[in-house]
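Colleague: Please take me through the packing terms here. I want to see each label set against its definition.

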Amino acid sequence: MKKIVNISLLTLGMVFISGQTKEDSIQFNKISTEILNNGKGYDELRELTKNIGHRLSGSEAYEKSVQWAAQKLRDAGADKVWLQDVMIPVWVRGKESLHIKTPNGNWKSLKMLSLGNSEGTGGKDVSGEIIMVKSLEEYDKLPAEKVKDKIVFFNYPFNQGNVQTFISYRESGAYRRTAASLTARKGGKFAIIRSLSSAFDDVPHTGNMRYEENISKIPAVTIGNTTADELETLLKNQKVTAKLNSNCGMKGEKLSHSVIGEITGKKDQNVIVVGGHLDSWDVGEGAHDDGSGIVQSIEVLRTFKKLGLQNNHTIRAVCFANEENGTKGGKQYGKTAKDNSEKHLFAIESDAGGFSPRGISLEMDDVKRKQIKSWGNLFLPYGVYNFEGKYSGSDIAPLHEMVVPTAELVPEPQRYFDIHHTAEDTFEKVNRRELLLGSTVITQLIYMIDKNW
């Protein structure tokens with residue numbers, strides 16, 4: 001005869017045996033119910049994106065977003081709110097255009113964007129013949145005389161075969177970061193890259209690029225997938241000349257700010273961080289990247305206050321400056337924490353879009369990883385099952401270097417790189433329930449960290 005175990009079936013549809021687990025499950029349900037019914041994040045994201053819009057570091061719009069975030073943290077019930085000084089690089093896009101010469105001798109305009117931090121042409125036309133390569137390995141084999149005075153088109157497609165789209169993004173990222181310096185090293189005039197995009201459309205995706213030291217700073221631009229396909233077809237049948245005119249470039253540095261708010265711990269001043277980056281690229285509205293992470297972080301503080309959760313440790317929401325083209329906000333935060341000898345217990349960043357949460361990536365030692373993974377059944381009713389990742393956000397990387405356990409929310413990834421770093425990243429692309437579920441999961445995790453660490 002089988003032994004009958006006395007269990008309690010909760011409305012979430014999960015079976016829990018221990019009183020501890022049942023208590024936590026009930027608290028998870030309270031957090032979810034509060035946020036899904038009364039969460040402010042979706043309305044706040046509308047304000048941020050529609051009233052302020054895109055927020056490139058150094059812009060007037062970014063400075064408006066600083067004041068907006070500070071007020072929202074106060075409204076959420078933060079005990080303390082302050083601005084942290086950050087020296088940031090200032091990059092401006094300006095007017096830009098890219099044309100190719102058609103067989104009849106006319107110039108055809110192509111949809112394009114300069115890559116972030118790229119230098120431009122100084123408002124002058126720069127033209128030359130395009131040569132195409134499909135990989136970095138193919139480019140490495142080209143002798144310098146084949147590249148000199150040419151325009152190099154790095155036509156590396158986003159790998160559609162990876163279920164985890166962030167793997168494809170990392171593979172393609174090398175082309176965006178290095179194309180300009182690689183082209184300059186062999187005497188080319190400028191670089192064109194196929195956008196880091198999972199979409200089958202003609203939307204160009206911008207993003208940060210880097211220059212090697214002691215290499216000429218030539219322009220780098222990006223084109224959408226449809227244009228890239230058309231250009232590839234042309235180049236297989238004829239020579240193609242391109243002409244670029246752009247006014248982008250670096251304009252020094254300026255003082256700006258990250259925005260920080262916290263609820264003081266009842267037991268000690270050890271810090272748990274939740275954050276996202278307040279800046280965005282200068283196209284679109286920065287809704288998924290990373291307005292979503294900002295409002296989710298603020299929602300954590302609001303929910304703790306609204307539910308009367310007595311946090312043992314200080315819970316701090318950080319709206320980081322300058323993630324997109326310098327990561328100066330995260331670096332300054334880490335430096336300040338180190339200089340002030342602050343003890344951080346944990347940090348999580350949300351910077352992968354406002355889609356439905358599917359997991360939490362854990363960059364920490366095995367003991368901490370196993371403990372968090374042991375809470376997996378608590379998260380399962382909320383669609384979260386994946387705890388296998390071992391990475392975290394760039395803004396909290398300095399904390400990880402200080403041996404702080406760090407993590408990142410892992411939303412459903414299939415649509416993110418359709419709109420990432422584009423004019424398509426708008427408020428309308430964000431679903432309210434998906435966004436608030438992300439807030440829910442982060443708050444639940446911080447509740448468990450605060451209770452058990």
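**Strands and helices, term by term**

Modeller: Strand β9 (residues 190-194) and strand β10 (residues 220-223) run parallel as a pair, joined by four bridges. This is a predicted model: local features need pLDDT of at least 70, side-chain atom pairs count only at pLDDT 80 or more, and totals for chains, interfaces and linings use all residues. Residues are numbered from 1 along each chain as its sequence is written, and side-chain values use heavy atoms, without hydrogens and water.

Colleague: What makes β9 and β10 a pair?

Modeller: Pairing needs at least two bridges found by DSSP. β9 and β10 have four. In one of them, A191 is partnered by A220 of β10. Strands are DSSP runs of E, at least two residues, and helices are runs of H or I, at least four, numbered from the N terminus.

Colleague: Why are β5 and β6 said to stand at the edges?

Modeller: The open sheet has eight strands with mixed pairing, in the order β5-β4-β11-β7-β8-β9-β10-β6. β5 (107-110) and β6 (113-114) each have a single partner strand, so one side of each lacks a neighbour in the sheet.

Colleague: Which helices make the antiparallel case, and how do you know?

Modeller: α2 (residues 41-52) and α3 (residues 60-76) cross at roughly 155 degrees, their axes coming within 10 Å. Axes are lines fitted to C-alpha atoms, for helices over the stretch in contact, and angles run from 0 to 180 degrees between N-to-C directions. Under 35 degrees counts as roughly parallel, over 145 as roughly antiparallel, 65 to 115 as roughly perpendicular, and the rest as oblique. α2 and α3 are therefore roughly antiparallel.

Colleague: Why are α3 and α8 called roughly parallel?

Modeller: α3 and α8 (residues 287-307) pack at about 20 degrees, with axes 8 Å apart. That angle makes them roughly parallel. Contact means heavy atoms within 4.5 Å. W68, K72, L73 and A76 of α3 meet I294, V295, I298, L301, R302 and K305 of α8. These residues divide into seven nonpolar, no polar and three charged. Nonpolar covers Ala, Val, Leu, Ile, Met, Phe, Trp, Tyr, Cys and Pro; charged covers Asp, Glu, Lys and Arg; the others, Gly among them, are polar.

Colleague: What is the relation of α8 to α14, and why?

Modeller: α8 and α14 (residues 432-452) pack at about 50 degrees, with axes 9 Å apart. They are therefore oblique to each other.
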